Amino acid sequence: MPEADGTLGKKVFIETYGCQMNLADSELMGGVLADTGYSSAESLEEADVILINTCAVRERAEDRVFGRLSHLLRFKNDKPELVLGVTGCMAEHLRDKITDQAPYVDLVIGPDAYRRLPALLDKATGEARDPVIDVKLDKAEVYEGLTPKRKPGVGGWVTVQRGCDKFCTFCIVPFVRGRERGVPPHEILRQVENLAERGYKEVTLLGQTVNSYRYEDVDFADLLEQIVPIEGIERIRFTSPYPTDFTPKLIETIARHDKICNYLHLPAQSGSNRMLDEMRRQYTREEYDQLVDDIRAAVPDIALSTDIIVGFPGETEEDFEQTMELMESTRFDFAYLFKYSERSNTYASRNLPDDIDEEVKGERLKKIIALQESISAEVFKSKVGGTYTVLVEGESRRDPNELCGRTGDFKTVVFPKADGRDIEAGDLVDVKVTDCTSHTLLGELA
Ligand code: 5AD
């Protein structure tokens, strides 16, 4: 019982860095802790436990966490009984560096140890003076049967797959999240039904390479097919698909169901075949282009976004030009653009020297950011005049007389409230787009 083990009334604050999978994992930890009697702290000051859920995908993400930890030392000094924990990918990657550089951290736990969180916290709260460490990876752990403590809103995440088997040569994920495994479909359906019952309108299915999902004979298209009939869920999204895991059946499934949103994040990483090969992406530029053509032929109004890395080992000006060319020809709606960051353990860190000057990486990054900004501005401008169905998320941050929400193709829309129409978060309304910025559509109720 919570009271007997002393957790009743204890407050936990979870701070999340990195991807949506991490946000979902933080909700999972919140759920595990709520079941043991912890409640959520509204601020760092009132917390008895602070957990920093971390990302290891680039060095900068890790540097930020070290900065954050030294800032949080203040709270430990003010309140010695405070438990400070580092969870997630960086805990897995840098357990020794964390305990060396931030010896005041009480708890270091990896992405497969969240079920044991209450027991680990008990241990860290006890007399133990050394940090409590649990970074064991577990290829069977999919957190079946747990219910995340979700943030209120119109949309929720459901993790359908954990880990990754791709081993792209630049990427640390398989090392910190372990092997790929699918969550059983009955568990996924339970999670989505739970979202629907609690009034959520949108679900985003999460996996590192979500469309490689498989559980026994159920593939990703089958899984979508099982989720579509769930009443109350109006929109289904998923991220991130891997280019070579698209099947004609999956494309056809996306095209056939209105509930499955017309937006895909399709990481390209590079436009150069030589780089794609060195990155071990398993597709060529031509195959990527063909996939985009096939998707656009099946879903003509689909929005696409991508991830690009510049400055991968050996990237020449010509390779980089080919990436620019890919971006110009594909015209992504938006893009996440990164400088290569060497990660220990990866194939690239062991075999490919990080040989592109920081300055050159910076210049290339600046160039593709400018290119993408101009493409995004044009794409958003092309939406002006159209009418789109928007899932209302609430009042806009800027102005309480305005509402904001998203189109099916994932664009933020801001529009004034209308006299006499009572519109709430979770409603689907038609909005005529009258203007835009490079990242937001502006409109009025149609
Ligand atoms: N350096 C830079 N970017 C990286 N990504 C993954 N690993 C690295 C790395 N070592 C980027 C990829 C991936 C996104 C989530 O992060 O573009 O798709």
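Student: This is a predicted model. Is Lys249 buried, partly exposed or exposed?

Tutor: The class follows from relative accessible area: under 20% is buried, over 50% is exposed, and partly exposed lies in between. Lys249 has 38%, so Lys249 is partly exposed.

Student: What does Lys249 form a salt bridge with?

Tutor: The general idea is a side-chain nitrogen of Lys or Arg within 4 Å of a carboxyl oxygen of Asp or Glu. Here Lys249 pairs with Asp219, and their closest N and O atoms are 2.9 Å apart. Asp219 counts as buried, because its relative accessibility is 16%.

Student: Which residue does Arg256 meet in a salt bridge?

Tutor: Arg256 meets Glu225, with an N to O distance of 3.0 Å. This pair links distant parts of the chain, 31 residues apart: Arg256 is in helix α9, and Glu225 is in helix α8 (residues 220–227). Both side chains belong to partly exposed residues: Arg256 has a relative accessible area of 44%, and Glu225 has 30%.

Student: Which salt bridges share partners?

Tutor: Salt bridges with shared partners join Asp333, Lys383, Asp409 and Lys411 into one network.

Student: Where do Glu141 and Arg115 lie, and how far apart are their closest N and O atoms?

Tutor: Glu141 and Arg115 form a salt bridge with the closest N and O atoms 2.9 Å apart. Glu141 sits in the loop between β6 (132–134) and β7 (155–159), and Arg115 in the loop between β5 (107–109) and α5 (117–125). The pair links distant parts of the chain, 26 residues apart. Glu141 is buried at 8% relative accessible area, whereas Arg115 is partly exposed at 37%.

Student: How many salt bridges are there by this rule?

Tutor: The count is 32.

Student: Now the ligand. Which residues surround it?

Tutor: A shell is read by taking the residues with a heavy atom within 4 Å of the molecule. Around this ligand they are Val57, Arg58, Phe170, Gln269, Asp307, Ile309, Phe338, Lys339, Tyr340, Ser341 and Arg343. By class, the shell divides into 5 nonpolar, 2 polar and 4 charged residues.

Student: How far is an oxygen atom of the ligand from an N or O atom in the side chain of Arg58, of Gln269 and of Asp307?

Tutor: For the side chain of Arg58 the distance is 2.8 Å. For Gln269 it is 2.7 Å, and for Asp307 it is 2.6 Å.

Student: How much of the ligand does the protein cover?

Tutor: On its own the ligand has 400 Å² of accessible area, and the protein covers 86% of that. Two elements each give two or more residues to the shell, namely β15 (303–310) and β16 (334–339).

Student: Last, the whole chain. How many helices and strands does it have?

Tutor: The chain has 14 helices and 21 strands. Its radius of gyration is 23 Å, close to the 22 Å from the globule rule for 446 residues, so the chain is as compact as a globular protein of that length. The C-alpha trace spans about 65 × 60 × 45 Å along its principal axes.

Student: What share of the residues counts as buried?

Tutor: Of the 446 residues, 56% count as buried.

Note on methods. Residues are numbered from 1 along each chain as its sequence is written. This is a predicted model: local features need pLDDT of at least 70, side-chain atom pairs count only at pLDDT 80 or more; totals for chains, interfaces and linings use all residues. Side-chain values use heavy atoms; hydrogens and water are left out. Helices (H or I, at least four residues) and strands (E, at least two) are DSSP runs, numbered from the N terminus. Buried means under 20% relative accessible area, exposed over 50%, partly exposed in between (1.4 Å probe, protein chains only). A polar contact is a pair of N or O atoms within 3.5 Å; within protein, one must be able to donate a hydrogen and the other to accept it, and residues adjacent in sequence count only if both atoms are side-chain atoms. Accessible areas come from the Shrake-Rupley method with a 1.4 Å probe; for residues, only the protein chains shown count as cover. Ala, Val, Leu, Ile, Met, Phe, Trp, Tyr, Cys and Pro count as nonpolar, Asp, Glu, Lys and Arg as charged, and the others, Gly among them, as polar. The radius of gyration is taken over C-alpha atoms; the globule rule is 2.2 Å times the number of residues to the power 0.38.
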